[in-house]
Amino acid sequence: MQVTALAPRLAAAQRQVFANRRMRIGRSKVSHAVAWQTGADGVPRPVPACHTGWWGTGAGGELMATRWPVTCRRCRRIDGEDTTAPDVLQLELFRLDTPG
Ligand SMILES: [Zn+2]
């Protein structure tokens with residue numbers, strides 16, 4: 001089977017995997033909104049909405065679908081969320097003795 005014959009199947013599989021999901025890049029705990037970008041071969045691929053880069057094709061497991069809420073500030077800002085408000089998704093590492 002030629003590679004070009006696999007492209008529509010790959011695109012359909014990626015659409016199914018990332019439908020109504022967010023994405024993580026590699027082992028990162030940051031969750032990005034999913035956008036789609038059509039490559040030079042005419043095949044649409046899932047990409048982070050904020051254009052964060054990664055190494056690979058995305059089909060090799062570098063991009064992983066997740067049900068986590070979007071934690072990337074750029075993606076949240078692109079989605080119209082007010083990112084100047086305190087981040088309720090950001091875990092507190094430690095509490096300051098003095099008010100900030
Ligand atoms: Zn992002």
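Biologist: Let's start with β2 and β3: how many bridges join them, and do they run parallel or antiparallel?

Modeller: In this predicted model, β2 and β3 are antiparallel and are joined by five bridges. To read a pairing like this, pick a residue on one strand and look across. Take Gln37: opposite it, in β3, stands Arg45.

Biologist: What do β2 and β3 form, and how many residues lie between them?

Modeller: The two strands make a hairpin, with five residues between them.

Biologist: Where is Asp41 placed?

Modeller: Asp41 belongs to the loop that links β2 (34-38) with β3 (44-48).

Biologist: Which C-alpha atom is separated by 8.5 Å from that of Asp41?

Modeller: That of Ala7, although Ala7 and Asp41 are 34 residues apart along the chain.

Biologist: Now the whole protein, please. What pattern does it follow along the sequence?

Modeller: Read the elements in order and you get α-β-β-β-β-α, that is, two helices and four strands.

Biologist: What share of the residues is buried, and what share of the contacts links residues 24 or more positions apart?

Modeller: Of the 100 residues in the protein, 19% are buried. Among contacts with a separation of 6 or more, 53% are between residues 24 or more positions apart.

Definitions and conventions
Residues numbered from 1 in each chain as written. Predicted model: local features only at pLDDT ≥ 70, side-chain atom pairs only at ≥ 80, totals over all residues. Buried ≥ 20, exposed ≤ 12 C-beta atoms within 10 Å, placed from the backbone. Contact = placed C-beta atoms within 7 Å. Pairing = 2+ DSSP bridges.
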